[in-house]
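Visitor: I would like to go through some labels and the criteria behind them. Please show the model before we start.

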Amino acid sequence: MSQITVAFGMCGSFCTHQQALEQMEKMAQLYPVQPVLSEMAAHTDTRFGTAAALREKVEAITGKKPICTICEAEPIGPRHMADLMVVCPCTGNTLGKLSNGITDTSVTMAVKSCLRIGLPVVLAVASNDALAASAPNLFRLMNTKHVYFVPLRQDNSALKPTSLVCRFEYLLPACEAALQGRQLQPVLL
């Protein structure tokens, strides 16, 4: 993946932000990374940390200010600001929006702008309802050209039987496969 620039979107699965940041750091050691934060991720304080701290960490990791608005995200594809789009974490809400062509966040706009010129998009799902209300969206996107998934699994089948979370450590191999036009297998672990 030499000479590859990555647009790295983060959505509001706040409990997985630390794992996503670890993957962003690994990726940024190898490639230029342009961070894109959903409005929820960029501006919401939670028990997992403040929005300001997240923005600071992202900028420290990548050396770039995060894109946080739809207007800033729109040119990513047309201006070839990236060769690959990653959404890590990708929430059930974002799955639904992407599946139904809704581009009302910076991350969904970034994905749309990449897909419209045929760039690969890698989704790292973290959703408590991926096997319930979000299931149709998940499986529709699995059948969408240029959309790939980080392999995922149930994270706690006893207490959260409809929850799926990607194996974050597979993000880089999933990206390498996507750049070759293939889905890293097995996708369901």
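Visitor: What is the handedness of the crossing of H1 and H3?

Guide: The crossing of H1 and H3 is right-handed. A crossing is right-handed if the near helix is turned clockwise from the far one by less than a right angle, and left-handed if anticlockwise. Helices (H or I, at least four residues) and strands (E, at least two) are DSSP runs, numbered from the N terminus. This is a predicted model, in which local features need pLDDT of at least 70 and side-chain atom pairs count only at pLDDT 80 or more, while totals for chains, interfaces and linings use all residues. Residues are numbered from 1 along each chain as its sequence is written, and side-chain values use heavy atoms, with hydrogens and water left out.

Visitor: Why are H1 and H3 called roughly parallel?

Guide: The axes of H1 (residues 17–30) and H3 (residues 51–62) cross at roughly 20° and come within 9 Å. Angles under 35 degrees count as roughly parallel, over 145 as roughly antiparallel, 65 to 115 as roughly perpendicular and the rest as oblique. H1 and H3 are therefore roughly parallel to each other. The axes are lines fitted to C-alpha atoms, for helices over the stretch in contact, and angles run from 0 to 180 degrees between N-to-C directions.

Visitor: Which residues make the contact of H1 with H3?

Guide: His17, Gln18, Leu21, Met24, Glu25 and Ala28 of H1 meet Leu54, Lys57, Val58, Ile61 and Thr62 of H3, where contact means heavy atoms within 4.5 Å.

Visitor: What makes His80 exposed or buried?

Guide: Buried means under 20% relative accessible area, exposed over 50%, partly exposed in between (1.4 Å probe, protein chains only). The relative accessible area of His80 is 56%, so His80 is exposed. His80 sits in the loop between H4 (70–73) and S3, and its phi is near 50°, a positive value in a residue other than glycine.

Visitor: Which class does His146 fall in?

Guide: His146 has a relative accessible area of 25% and is therefore partly exposed. This residue lies in the loop between H7 and S5, with phi near 75°.

Visitor: How do you know where the buried residues of H7 fall around its axis?

Guide: In H7 (residues 135–142), Ala135, Asn137, Leu138 and Leu141 are buried. Seen down the axis of H7, they fall within an arc of 165°, so they line one face of the helix. The arc is that of the directions from the helix axis to the C-beta atoms.
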